[in-house]
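This report covers selected local features of one protein model. Please read it alongside the sequence and coordinates.

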Amino acid sequence: MRNDILICREYPGYRIVSLKDGPDFSDSCVLAVGNFDGVHAAHRELLKQALSLKNKINAKTAGAWSFCQNPLEFLSESPPPYIYDTRKKTAELLRCGMDFVVLCDFKVFGNMSADDFIKSHLKNQLRCTGVVCGFNFTFGRGGTGKPCTLQNHFGADNTVIVPEIKINGTTVSSTAIREMIMNGDTENAALFLTRPYSLTSKVLTGKKLGRKLGFPTVNQ
């Protein structure tokens, strides 16, 4: 996805990314909330449910809410590697039909209480009227916010909690996919990701030996 077709709107602590003029949040929206590293099969079910809930409650837009960084960078001494960087993750979320993506700074929101996060950020700032999350989603200071917390604030009709999703008996998760990639099991990683795993890195200048052989190469 080219840089010039992503439109960003900056706000204190977060930014909005979209392929067109993003929502002004004067109207209602549905949000799928999560880390979304890899945008794997279970994540895609959240996005599918967000689009469905948007139509059900007549919301104006549907978007994905995530962090710019993996929260484990701040919560763990040995944070796991990313499956996708933030830009690639954002591009995949938009390709899945989201109207926009909210990217938040964990340093700003990580210490906010669950109730304040919902009231001041989701409801007041983003005008969120419906929410979709995974069965094991946690948020707020100390991870005290749970799916039932969202349900208490938004109501059962406006909250979708996606249950555990398994493929061949294994729970679909970013952790499982990282292990597959590190073990060289790209076939199952692709199955869980719903597409082949790919890498993104800078192209470097090499010795240009390929040109002498008749086929230029790419060094990364």
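The sections below treat the basis of the values, a helix, the nonpolar cores, a helix pair and some single residues.

## Basis

The model is predicted, with local features requiring pLDDT of at least 70, side-chain atom pairs counted only at pLDDT 80 or more, and totals for chains, interfaces and linings using all residues. Residues are numbered from 1 along each chain as its sequence is written, and side-chain values use heavy atoms, with hydrogens and water left out.

Helices (H or I, at least four residues) and strands (E, at least two) are DSSP runs numbered from the N terminus. Buried means under 20% relative accessible area, exposed over 50%, and partly exposed in between, with a 1.4 Å probe and protein chains only. Contact means heavy atoms within 4.5 Å.

## Helix H3

Helix H3 spans residues 86-95, and eight of its ten residues are buried. These are Thr86, Lys88, Lys89, Thr90, Ala91, Glu92, Leu93 and Leu94. The buried residues of H3 pack against helix H1 (41-56) and against strands E2 (14-18), E4 (61-67) and E5 (100-104). Just after H3, Gly97 has a positive phi of about 105 degrees.

## Nonpolar cores

A nonpolar core is a set of buried Ala, Val, Leu, Ile, Met, Phe, Trp, Tyr and Cys residues joined through side-chain atoms within 4.5 Å. The largest has 25 residues, of which Leu31, Val33, Trp65, Val102, Leu122, Leu126 and Leu150 touch the most other members. Two or more residues each come from E2, strand E3 (29-33), E4, E5, helix H4 (106-109), helix H5 (114-125), strand E6 (128-134) and helix H6 (147-154). H5 gives the largest share, four residues. Another core, of 22 residues, lies apart from this one and includes Val17, Ala59, Ala64 and Leu103.

Leaving aside neighbours within four places in sequence, Leu150 contacts Val33, Ile118, Leu122, Val131, Cys133, Phe137, Phe139, Gly155 and Thr159.

## Helices H5 and H6

The axes of H5 and H6 come within 11 Å and cross at roughly 50 degrees. H5 is therefore oblique to H6. Axes are lines fitted to C-alpha atoms, for helices over the stretch in contact, with angles from 0 to 180 degrees between N-to-C directions; under 35 degrees counts as roughly parallel, over 145 as roughly antiparallel, 65 to 115 as roughly perpendicular and the rest as oblique.

On the H5 side the contact is made by Ala114, Asp115, Ile118, Lys119, Leu122 and Lys123, and on the H6 side by Thr149, Leu150, His153 and Phe154.

## Single residues

Two asparagines have a positive phi without being glycine: Asn58, at about 60 degrees, and Asn168, at about 55 degrees. Most residues other than glycine have a negative phi. Asn58 lies in the loop between H1 and E4 and is exposed, with a relative accessible area of 66%. Asn168 sits in the loop between strand E8 (166-167) and strand E9 (170-171) and is exposed at 67%.

Asn158 is in the loop between H6 and strand E7 (159-162). Its C-alpha atom is separated by 7.3 Å from that of Ile57, 101 residues apart along the chain. Beyond neighbours within four places in sequence, Asn158 contacts Leu53, Ile57, Thr129, Gly130 and Val131.

Tyr14, in strand E2, is buried, with a relative accessible area of 6%. Not counting residues up to four places away in sequence, Tyr14 touches Arg9, Val102, Leu103, Cys104, Phe109, His121, Gln125 and Leu126.
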